[in-house]
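Here is a note for a colleague who is meeting this structure for the first time. Please read the points in order, with the structure open beside them.

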Number of protein chains: 2
Amino acid sequence: MTYISHLECPKCQRSYAPFRPNNTCQCGAPLLVRYDLDDMGRGISRREIKKRPPGMWRYREFLPVAREENIVSLGEGSTPMLTAGRLGKALGLEHLQIKDEGLNPTGTFKSRGASCGISRCKELGIGKIAMPTAGHAGGAWSCYAARAGIEAFIAMPVDAERVAMLECVLSGAKTWLVRGLISDAGRMISKAAAKYEWFDVATLKEPYRIEGKKTMGLEIAEDFDWGAPDVVIYPTGGGVGLIGIWKAYQELIQMGWVKDKPPKLVAVQAEGCMPIVRAYQEGKESSEFHTGAKTFAGGIRVPKALGDFLVLQAIRETGGTAVAVSDEEIMEGVKLTALTEGMFICPEGGAAIAAARRLVQTGYIQPEDKVVILNTGAGIKYPDIVRPELPVLNPDEEIVL
Amino acid sequence: MTYISHLECPKCQRSYAPFRPNNTCQCGAPLLVRYDLDDMGRGISRREIKKRPPGMWRYREFLPVAREENIVSLGEGSTPMLTAGRLGKALGLEHLQIKDEGLNPTGTFKSRGASCGISRCKELGIGKIAMPTAGHAGGAWSCYAARAGIEAFIAMPVDAERVAMLECVLSGAKTWLVRGLISDAGRMISKAAAKYEWFDVATLKEPYRIEGKKTMGLEIAEDFDWGAPDVVIYPTGGGVGLIGIWKAYQELIQMGWVKDKPPKLVAVQAEGCMPIVRAYQEGKESSEFHTGAKTFAGGIRVPKALGDFLVLQAIRETGGTAVAVSDEEIMEGVKLTALTEGMFICPEGGAAIAAARRLVQTGYIQPEDKVVILNTGAGIKYPDIVRPELPVLNPDEEIVL
């Protein structure tokens, strides 16, 4: 059921057989999964996929799992592509759509990567995984690990979202909080993983998470009738989703399933943590560690991403761009989306809304462009995002306007 | 696109034309939507439905909205039916599946009722709605109202989930908290609705919410290849979901699409608020107000439901039963499901898990029965459900097992 051929280093082009647990390349770069796309094109058709039930495993030929019984699923994928007419009008866009990744198990797009990554762990006989996380990836991987009967060891910043901590704890993961950033947690997990022989599944330290995220790109293409919108706006922390969407379009174009150009990919970061935006602006191929990273949007509080060079390449090759927005604009984006469309999106999604507004103002996006914004998670995972002051009545009182 | 014929009172059999806003029957009972099922059977086939994209509006012929442009959708429905082998084993069940309604917009099954109800409000030209809520229904209806450009007025208990309050406030609903129960909020909303001319959309006070919930039953039938599991276990507050599933099977059987008997419907309540369980045990046709209602599962803290007689009828006609479980058992159900399956379910879902265990022990459910448990919402909407004590490390410390 899979057409995986090998793993390839996008930096030094070394290749690896896909039959053993793999982390990064010898050169330190992340590995990408390669498929026999000619063979895949003969084995599966767009028509066949259209007939299948919803969920990201409808694209199983594009995924690296060989045996169906190894698929660990909680119903992820096939998230709605929602037309946002009223919000679009407020932003100056005629064709705005939001792909709502909040409708995934564990409430974020992280479940796609976890479903694919944990399935491969199961297939390769891995019994213990470890990862640092900003929060929601840890929650997702813990839940999928529990479903697979795999032990999980997770470290996250002490100020990560409490709901993500709950997901880890309830699903039985051994969990530590770190007085620091995800980069600190990463260093600590890496050391402990070596000592205790845990498989390190930190962002891009194993090759399969990105394949799960790739399904967002496959779905966007299918939603556009095997075509592409003009622009995809993506909140970028580790950047795996953006790389995944780019990879989806590369594969679909190579197979001849998509004739359009890939969408322009826009990476959005917070002004308080904008390593990729800075590297993009300075014309660099990789980013510098952003010291003193600070934004309330925890998912994009990533001071240095292992896949930064791939994100920058994806942006440049598709004619995209990179934008940083302030925390105030992010909050404004969340509020505007709820008020106009009834969608309670996450702060990272709010950042993408803010970026859309900015890019219309600068003229990068034209009012008639087809724009897709990725809302990477449900706002309901952020119970403290605002503290409303509501009137409180006794049962014998009357409601008065 | 709809085959709606009229509205019918299940108590006194009066009928009403469906072209105006309707609340309850003159006799005070809730109204049910009736369709021309013969005509529907000629107009749509199971095969046709199978081809359609996911979401509850794939069953639009079974729903009361006449014009497609009136559909207000956030991508609700087509939630996953997940096999729960490890949990089933722990409970003594060989064929356990969980239908995870947490994968809806706003994180609960309430979005189905809101999508259908608000769509009909739009179709009938209603500009202002009002409702009492335990929390999540209010959040859902507020969000869908915002998407439709309809004003919402909501009252809920002061101890309702904070996340549901956020949904109301962010989507622009005017929101009040009440030092009391949903029944107190209901009385206050009813009075204010009359005064300010708001359309009262309290549970079963309008006929369309139940039609949205009915899609859960349509999906279960389709998941079982237009058949039925042996038992469906449902946490029951207002009971609309249970009535909806029953109504779905009645319609499908009448159309000849389903040849099986409907599933045995099991209503689950909390020991601290069990009006329907008590009425069932006492052989009564309707329930008594449960004074001093108390359970941490807010969605089933409903002391008296308007549709109680329909719930009791559904249970009895399908050979189902009614069970009350303790708050400790509910919490145990939540924890066991997360640990064994990686699913973070809501307390109400936990109650259904606890009921399953109980009914296996009493012999009502046989180990080989096909059992479907409805998890009505995502656990991530309950950030305070447990307060984990986690180890906190400084960045220079080491992770030690």
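**Notes on the strands, the chain contact and the helix packing**

1. Glu8(B) stands opposite Ser15(B), which lies in strand S2 of chain B. Strands here are DSSP runs of E with at least two residues, helices are runs of H or I with at least four residues, and both are numbered from the N terminus. Strand S1 (residues 4-8) of chain B is joined to S2(B) by two bridges, and these strands run antiparallel; two strands pair if DSSP finds at least two bridges between them.

2. The model is a predicted one, in which local features need pLDDT of at least 70 and side-chain atom pairs count only at pLDDT 80 or more, while totals for chains, interfaces and linings use all residues. Residues are numbered from 1 along each chain as its sequence is written, and chains are lettered from A and ligands numbered from 1 in the order in which they are written.

3. In chain B, three strands make up an open sheet with the order S2-S1-S3 and antiparallel pairing. Its edge strands, each of which pairs on one side only, are S2 (15-16) and S3 (32-35) of chain B.

4. How are the two chains related? Chain A is superposed on chain B by a rotation of 180° with 0.0 Å of shift along its axis, at an RMSD of 0.0 Å, which is the relation of a two-fold axis. The superposition is by least squares on the C-alpha atoms of residues with pLDDT of at least 70 in both copies. Of the residues of chain A, Leu103(A) comes closest to the rotation axis, with its C-alpha at 2.5 Å.

5. Between the chains, 62 residues of chain A are in contact with 62 residues of chain B, where contact means that the C-beta atoms, placed from the backbone, lie within 7 Å. On the side of chain A that touches chain B, the largest share, seven residues, comes from helix H6(A). The residues of that side divide into 41 nonpolar, 10 polar and 11 charged; Ala, Val, Leu, Ile, Met, Phe, Trp, Tyr, Cys and Pro count as nonpolar, Asp, Glu, Lys and Arg as charged, and the others, Gly among them, as polar. Because 100% of the interface residues of chain A are also interface residues in chain B, the copies meet through the same surface.

6. Leu177(A) has Val392(B) as its bridge partner in S14(B).

7. Within chain A, helix H4 (residues 110-123) packs against helix H8 (residues 209-223) at an angle of about 135°, with the axes 7 Å apart. Axes are lines fitted to C-alpha atoms, for helices over the stretch in contact, and angles run from 0 to 180 degrees between N-to-C directions. That angle makes H4(A) oblique to H8(A). Among the residues that meet are Cys116(A) in H4(A) and Met216(A) in H8(A), and by class this contact has two nonpolar, five polar and four charged residues.

8. H8(A) also meets helix H9 (residues 240-255) of chain A, where the axes come within 7 Å and cross at roughly 60°. The residues that take part include Ile220(A) in H8(A) and Leu252(A) in H9(A), and the residues of this contact divide into 11 nonpolar, three polar and four charged.

Technical notes: Parallel < 35°, antiparallel > 145°, perpendicular 65-115°, else oblique. Contact = placed C-beta atoms within 7 Å.
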